Amino acid sequence: MYMKFYRSGFFFLTTLLLILLQNTARAQRTAVNWTKDGYQYYRITGGQIIMIDARDTSKKTVFITKEELTPAGKAPISVKRFAVSDDNKKVLINTNTKKVWRYDTRGDYWVYDSNTKKLWQLGKSLPASSLMFAKFSPDGSKAAYVSGHNIYMEDLADGSLKQLTTDGTQTLINGTFDWAYEEEFGCRDGFRWSPDSKSIAYWQLDASKIKTYLMLNTTDSVYPYVVPVEYPVAGEDPSSCKVGVVNTVTGKTTWINVPGDAVQHYIPNMEWADNSSEVILEQLNRAQNESRVFIGNVSNGTTRVIREEHNDSWIDVKARVAGGDPVGWGWIEKGKSFLWLSEKDGWRHLYKITREGKESLITKGNYDVIGIDMIDEALGYVYFIASPDNATQKYLYKIKLSGGTAERVSPAGEPGTHSYDISPNGKVALHNFSNSYTHPQSEVISLPAHKHIGGTVITVDKNAKNKPEFFKVKTVDGIEMDGWMVKPTNFDPNKKYPVLFTVYGEPAGQTVTDTWGTGRNRLYEGSMADDGYIYMSVEGRGAPAPKGTAWRKAIYKNIGIINIRDQAMAAREIIKWPFVDSTRIAVHGWSGGGSSTLNLMFQYGDIYKTGIAVAAVGNQLTYDNIYQERYMGVPSDDAGRAVFIKGSPVTYAKNLKGNLLYIHGTGDDNVHYKNAELLIDELVKYNRQFQLMSYPNRTHSISEGEGTTQHLRTLFTQYLKAKCPPGGR
């Protein structure tokens with residue numbers, strides 16, 4: 001992740017706010033900054049950077065002191081993240097960071113030289129907090145970064161600054177990405193140093209034709225003002241995209257000639273092809289169901305295609321990289337081959353692909369590879385996460401690069417969710433574990449034996465009380481779904497209790513996972529179990545569970561239809577249970593879960609009596625094109641638009657029967673407040689009464705401003721208790 005930058009906190013996955021604590025995927029963990037030998041790692045502690053021996057975590061060495069991180073006459077640098085050069089001599093420090101869209105990717109950078117004990121700031125002549133993605137050249141002599149949508153290079157010996165691109169503007173973007181690429185492909189860092197440190201490959205996006213959504217800020221000044229966001233909705237063309245390679249000596253860019261319309265195609269992945277004369281990239285068509293991999297010659301820009309794939313629904317490019325961060329490619333055999341994940345045979349499998357495009361299957365069987373963790377070519381293995389027998393859990397497996405039978409590495413006695421950060425040498429790893437009733441724990445292990453060598457001894461909490469109960473429910477359609485529930489503290493099987501379902505229901509995330517946080521509602525003030533609620537979630541088709549391609553992609557062109565029916569049919573079976581009160585059934589969700597909540601209330605009002613929807617997409621045609629077109633097709637004609645309309649909550653708003661609380665932030669740049677107003681219009685049109693809470697100038701997370709979180713929790717709790725009273729009857 002960002003050349004192994006240390007992250008001081010978790011990523012905030014905005015679209016999955018309600019299931020943040022339930023997901024311990026690699027993308028959300030603190031990235032470990034390993035030493036080159038793979039036995040030590042760096043951490044920020046007490047304002048200084050220390051080095052810890054992974055084999056004995058009690059051995060800690062101060063690498064850079066707080067005093068050494070203090071510029072002359074200034075306060076000590078507050079280190080947000082850092083990177084160490086390959087020769088272990090220089091440290092690149094990111095501080096004073098600011099948000100760009102959702103992430104704090106803009107800030108100031110400093111360099112510390114451990115030989116000379118010198119500390120200096122990069123890009124001092126550029127605006128404060130304007131530098132992005134600074135990284136050392138492989139030879140450690142230079143640093144490059146983006147500022148103002150242009151790429152700069154700075155010599156670390158004499159401090160000379162060279163501007164490598166000059167055409168960057170607000171809408172012509174070099175070395176980073178627009179809103180949609182960042183949000184939906186995870187693309188942020190948009191340039192790559194060549195292995196010989198003589199060239200930089202980079203993306204250029206032209207967003208000049210992207211229409212701007214004008215949000216209105218009414219709280220930060222006496223006179224309201226507009227906040228423009230480049231936001232291509234479904235059906236609108238995306239930014240054009242191309243890849244160039246700039247020579248750091250001449251400043252000349254050679255453009256890679258990728259066939260196809262630059263507007264009607266995406267390039268979500270690009271790296272150097274394990275040498276300094278070629279780049280490799282993946283191109284997707286606009287509908288995201290055709291993938292082509294090209295190798296491009298950087299001297300003349302010519303390309304050759306080495307791989308093509310077509311899918312009847314969509315091709316998931318983010319699944320191929322750990323955590324969804326498109327940095328790295330997975331080269332093996334001294335650049336002759338690379339590893340690739342594909343779902344073309346109905347399961348997400350691992351393939352070896354040569355530079356000529358010859359493929360060989362590595363993982364075989366009816367199971368999904370969730371993500372690649374590490375390639376240990378020295379021992380001939382690749383480590384990956386999978387869970388062939390339980391889609392709610394995650395375990396580490398290994399398999400020979402030549403193929404064969406996968407071996408589980410995670411201990412058999414630790415059921416739940418495992419994640420790993422494996423050192424570069426493949427011999428040690430930081431291991432994180434939790435399950436629905438065991439707090440997150442971390443240890444250091446040796447590989448491949450998975451032997452404990454440091455940190456906390458992992459202990460499953462077998463005595464935990466009021467554990468979430470996992471179950472399966474089969475619907476009238478023959479769909480078997482995973483679910484969990486937390487029963488009331490003093491549960492009496494002879495009484496009937498109200499149920500609150502939490503739902504997401506779209507391809508961006510799961511709610512039914514065996515990990516810490518499952519069964520806990522951060523929006524509820526107090527204890528739902530103590531108050532007498534059954535809290536529950538069931539997960540149907542379309543969720544990104546490791547259940548095979550058919551399960552995940554049944555939702556294609558059916559968001560708002562199949563996922564909603566699966567939820568409702570599962571609920572219909574659950575209300576037959578003798579301890580469930582069918583007159584007190586509530587549902588809530590955020591973002592895509594808010595959309596699902598609305599659709600459940602509108603389409604199945606006979607089941608769901610109360611709903612609390614937050615930041616929902618009311619009309620799918622208002623959401624961004626990369627996400628919505630991936631799962632619903634490109635709405636280029638009336639027939640294409642019809643599937644979007646068919647699955648949108650506004651289409652069914654007239655059917656509202658029960659109690660609805662709708663919540664949205666007016667400053668939401670992800671799911672715009674327009675969605676709330678479109679929904680309100682429909683409810684007013686048909687005289688459907690509901691309660692509305694608009695949070696002024698709050699974003700998709702509704703977390704900004706003094707008292708906001710507490711107000712939201714109080715509102716949620718009071719409304720639920722009033723409309724769906726707790727307790728057994």
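Predicted model: local features only at pLDDT ≥ 70, side-chain atom pairs only at ≥ 80, totals over all residues.
Among contacts of the protein chain with a separation of 6 or more, 59% join residues 24 or more positions apart. The secondary structure comprises nine helices and 43 strands.

The overall dimensions were examined next. The C-alpha atoms fill a box of roughly 75 × 60 × 55 Å along the principal axes. The radius of gyration is 26 Å. A compact globule of 729 residues would have a value near 27 Å, so the chain agrees with that expectation. Of the 729 residues, 59% are buried. The chain exposes about 28,100 Å², and carbon and sulfur atoms supply 50% of this area. The chain carries 85 positive and 78 negative charges.

The interior was then considered. In soluble globular proteins, nonpolar side chains tend to be buried together. The largest nonpolar core of this chain has 45 residues. Tyr-181, Phe-185, Trp-203 and Leu-281 have the most contacts inside it. Several elements each supply at least two residues of this core, including helix H1 (179-185), strand E15 (199-206), strand E21 (278-285) and helix H6 (625-632). Strands E18 (240-247) and E20 (265-272) also each supply at least two.

Beyond residues up to four places away in sequence, Tyr-181 touches Gly-186, Cys-187, Leu-205, Cys-241, His-265, Tyr-266, Ile-267 and Ile-626. Another core, of 43 residues, lies apart from the largest one. Among its members are Phe-471, Met-569, Val-587 and Leu-600.

Technical notes. Residues numbered from 1 in each chain as written. Heavy atoms only, no water. Helix = DSSP H or I, 4+ residues; strand = E, 2+ residues; numbered from the N terminus. Rg over C-alpha atoms; globule rule 2.2 N^0.38 Å. Buried < 20%, exposed > 50% of the residue type's maximum accessible area, 1.4 Å probe, protein only. Contact = heavy atoms within 4.5 Å. Areas by Shrake-Rupley, 256 points an atom, 1.4 Å probe, with all protein chains shown as cover. Lys, Arg positive; Asp, Glu negative; His and termini not counted. Charge placed at Lys NZ, Arg CZ, Asp CG, Glu CD. Core = buried A, V, L, I, M, F, W, Y, C linked by side-chain atoms within 4.5 Å.
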